[in-house]
Amino acid sequence: MKPKQDTLIVTAGRHPDVHFGVVNTPVYHASTILFPTVEAMKTRSQPYTYARRGTPTLAALEEAIAALEGGAKTVLTPSGLAAVSTALMAFLKAGDHLLMVDSVYGPSRHFCDTILKRNGVEVEYYDPEIGSGIARHMKPNTKVVYAESPGSISFEMQDIPALAKAAHEGGAKLIIDNTWASPLYFKPFEHGADVSIQAVTKYLCGHSDVMMGAITATEEAGKTVLATHGALGMTVAPDDVYLVLRGMRTLSVRLERHMKTGIALARWFAERPEVARVLHPALPTDPGHELWKRDFTGASGLFSIVLKPCPDAAIAAMLDHLEYFGMGWSWGGYESLIVPQDLHGIRTATPAALEGPILRIHAGLEDLRDLIADLEAGFARFNAIIG
Ligand SMILES: *Cc1c(COP(=O)(O)O)cnc(C)c1O
């Protein structure tokens, strides 16, 4: 019987039998790996040949992520963004056409608008809510449809099976950035993806102390990913891998709490007079709720709120003195975060129609009552400015 997900989180990638019974895979610090004979060197007839191409430590994490995502093969990259750029480079060359979602993570968009365009790839942004309408944008040279669901900052849900169908009918691959749901709450390969990307930096690591990415692929797409990953010289540090493996074992219990606190905060914000809208697909009022319910098994702790129009000074008064919500990039650690965001002038396919400024919130593992008290005090400072 295939182990259930929570069992997999605990067991995947672990081989105590080959490590003298030690529960966790040891940290192999290596560059050179020795061959016993000329013959072995010529035929590369051993599992590890050079540390840039793998060690038992890296293999443990690759195996675990592949198992959780439900893909055939995983490779690791020095950041989530490097996973995005490597996956795109693996499938695109000069003259190819890329369909990129308009709500994509900002630095991924920057990579497309600079390196990809400079190298002759035609980049077209599409409406995240396009669904099967994507078929009308497919061209004979479309090689990749790229999705991120829900969208960065704006949280639109995407119809992944519809995108997969259109991509495959047109001979293109579907690449998904699956960071928001983590491999636990969305199974990309059961919904038609060829490649799934994780910013491991976020929930898999979970402790705000490692930069890393992962690309997981089907057997067939995996060969293309591996070739490009190898050619680019992508690798990661073993101590970082150890930290991720350690953090990952508690992913399920952490995520459950991130989800609960995130939904509770989203509901609380929805009742506030200062808030125009809450962008969280797990709320029944959200336009993406039906897709989320159909395809996802949970929500992470990341969502946004759209404030009613207000002066910058009110936002500064609120955020500058919060006690438990930190202001900083990234998310997925154990701590709560809040960041002001601006989507104006970024979108090209579907300008985001927003009533006012956006705040993106990451619900950490603190007590909900402390978080709400912190935000209540913040809104009191906000309202003192507005008068
Ligand atoms: C953070 C993030 C990335 C990039 O990860 P880094 O490790 O910061 O490079 C990619 N995609 C999404 C959706 C992210 O949130």
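User: Which residue ranges does the domain assignment give for domain 1 and domain 2 of the protein?

Analyst: This is a predicted model, and its residues are numbered from 1 along each chain. The domain assignment of the protein gives two ranges, with domain 1 covering 5-248 and domain 2 covering 252-386.

User: How far apart are the C-alpha centres of domain 1 and domain 2, and how many residues does each domain bring to the contact?

Analyst: The C-alpha centres of domain 1 and domain 2 are 28 Å apart. Where the domains meet, with contact taken as heavy atoms within 4.5 Å, domain 1 brings 38 residues and domain 2 brings 39 residues.

User: Which residues around the ligand have a polar side-chain atom or a backbone N or O atom by one of its oxygen atoms, and at what distances?

Analyst: For Leu-81 the atom concerned is a backbone N or O atom, which lies 2.8 Å from an oxygen atom of the ligand.

User: How much of the ligand's accessible area does the protein cover?

Analyst: On its own, the ligand has 380 Å² of accessible area, and the space it takes is the largest pocket. Of that area, the protein covers 92%.

User: How many nonpolar, polar and charged residues does the shell around the ligand have?

Analyst: The residues around the ligand include Tyr-105, Glu-148, Asp-177, Ala-199, Lys-202 and Met-211. By class, the shell has five nonpolar, four polar and three charged residues.

Key
Predicted model: local features only at pLDDT ≥ 70, side-chain atom pairs only at ≥ 80, totals over all residues. Heavy atoms only, no water. Near = heavy atom within 4 Å. Polar contact = N/O pair within 3.5 Å; in protein donor to acceptor, adjacent residues only side chain to side chain. Areas by Shrake-Rupley, 256 points an atom, 1.4 Å probe, with all protein chains shown as cover. 1 Å grid on protein atoms, 1.4 Å probe; cavity = no way out; pocket = protein on both sides within 12 Å on 5 of 7 lines; lining within 4 Å. Sits in = over half its atoms within 2 Å of the grid points. Nonpolar A, V, L, I, M, F, W, Y, C, P; charged D, E, K, R; others polar. Domains from an automatic or database assignment.
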